[in-house]
Amino acid sequence: MVALRGKDVTSFLARPDPARPIILLYGPDAGLVRERADALIASALDDPNDPFALVRLDGDELASEPSRLVDEANSIPMFGGRRAIRVRAGSRSFVAGVETLAASPPRECRVVIEAGDIKPDNALRKACEKAPSAVAIGCYPDAEADLARLIDDELRHSNLQIGRDARAVLMTLLGGDRQASRNEVRKLALYAHGQSEITLDDVMACVSDASDLKLDVIVDAAFSGKPAVVESEFAKAMVAGTYPGQIILAAQRHAAFLHKTSLAVEAGAAAATALDSGFPRLHFSRKAASETALRNLGAPRLAQIIDQLATAALETRRQATLGAAIAQRTLLSIAVSARRRN
């Protein structure tokens, strides 16, 4: 079975095995799938700017004629050189073409297949894991070490340092999608251009939730003590295919915002004023729920919730199959706690 994991994935991506030219990339992190596909395609071509060297195929169209994959992979380019095929898998199966090609793999063509979060018993995944000439690579949300490395790599290019507190908060705002996370760090580096170090204020002013999902209803319900709303809206999000870790990340971001605001209130500021002057600016539709959260959850309890959410974020990555249950349980716990006024 050729299903790479851990360090084997890193080694393969750095130096792809020419004996395994068929590569399946799958998993819930669509950004990581795209990023790895881009790198594999670029390294497979003699001239990335040659429009005839790269063929793009749609999996659903390929399903009607699976043999086209074999024909394209074995075609001889007009001007010579190596070629690559990029396939975007859909809902229809073209596994027959993959199996035929794997039995007699091409020598000068790399085939990169991009798929979603397919299950272990998926025919395409099983075919690529079984064939000696293919490899399957799972693409899952970044762990803390991956995020730390991504931040360091991007900031090194911009000759920037980042404060410890700024790094801690930034880590909570990233992770759902590799490309989105990378773009957020690059945006932050551009925002801090001319400085020597990125501060917490820079992060709060610039970085948005990298998942870019509208999860405010769930998060606000949790922090304002409405477990019934959390339960119903969370169920809707799962039906819509939302990754549970994204919801936890949104909750982490809001917890950090509330904690900073709560400290300002304890220092003498009015809650409404502190909310209006915070960064990022709170949308007016969330103000009432946030004021309730500040009344019911003081800074010490919010600090505990930040730790609780960090643990949940780690567990959703470690135990992907239990991610939904872990996220829901954590949010319901916060909602019950918020309902009991401190």
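A cavity is a set of grid points where a 1.4 Å probe fits but cannot get out. The model discussed here is predicted.

Q: How many cavities of 30 Å³ or more does a search of the whole structure find?
A: The search of the whole structure finds 1 cavity of 30 Å³ or more. The largest cavity has a volume of about 40 Å³.

Q: Which residues line the largest cavity, and what makes them lining residues?
A: A lining residue has an atom within 4 Å of a point. The largest cavity is lined by Pro141, Gly175, Tyr243, Gly245, Gln246, Leu249, Ala313, Thr316 and Arg317. Two or more of the lining residues come from each of H13 and H16.

Q: How does the lining of the largest cavity divide by residue type?
A: Its lining residues divide into 4 nonpolar, 4 polar and 1 charged.

Q: What makes a space a pocket and not a cavity?
A: A pocket is an open set of points, whereas the probe cannot get out of a cavity. The largest pocket in this model has a volume of about 1600 Å³. Of the 50 residues that line this pocket, the closest to its centre are Leu32, Gly138, Cys139, Tyr140 and Pro141.

Q: Which helix gives the most to the lining of the largest pocket?
A: H2 gives the most, with 7 residues. Helices that supply at least two residues each include H1 (7–14), H2 (30–44), H13 (244–266) and H17 (323–339). The lining as a whole divides into 22 nonpolar, 12 polar and 16 charged residues.

Q: Why is H16 called roughly antiparallel to H17?
A: The axes of H16 and H17 come within 9 Å and cross at roughly 170 degrees. Angles over 145 degrees count as roughly antiparallel, and therefore H16 is roughly antiparallel to H17. Their contact involves, among others, Arg301, Ile305 and Leu309 of H16 and Gly323, Ile326 and Ile334 of H17. The contact residues divide into 6 nonpolar, 6 polar and 2 charged.

Q: Why is H5 described as roughly parallel to H6?
A: The axes of H5 (residues 95–103) and H6 (residues 123–130) come within 9 Å and cross at roughly 5 degrees. Angles under 35 degrees count as roughly parallel, so H5 is roughly parallel to H6. Val95, Val98 and Glu99 of H5 make the contact with Ala123, Leu124, Ala127 and Cys128 of H6. These residues divide into 6 nonpolar, no polar and 1 charged. Glu counts as charged, so Glu99 is the charged residue.

Q: Where do the bounds of the domains fall?
A: The domain assignment gives domain 1 (3–138), domain 2 (144–206) and domain 3 (209–339). The C-alpha centres of domain 1 and domain 3 lie 40 Å apart.

Terms used
Residues numbered from 1 in each chain as written. Predicted model: local features only at pLDDT ≥ 70, side-chain atom pairs only at ≥ 80, totals over all residues. Heavy atoms only, no water. Axes fitted to C-alpha atoms, helices over the stretch in contact; angles between N-to-C directions. Helix = DSSP H or I, 4+ residues; strand = E, 2+ residues; numbered from the N terminus. Parallel < 35°, antiparallel > 145°, perpendicular 65-115°, else oblique. Contact = heavy atoms within 4.5 Å. Domains from an automatic or database assignment. 1 Å grid on protein atoms, 1.4 Å probe; cavity = no way out; pocket = protein on both sides within 12 Å on 5 of 7 lines; lining within 4 Å. Points joined across faces, edges and corners; volume = space filled by probe spheres on them.
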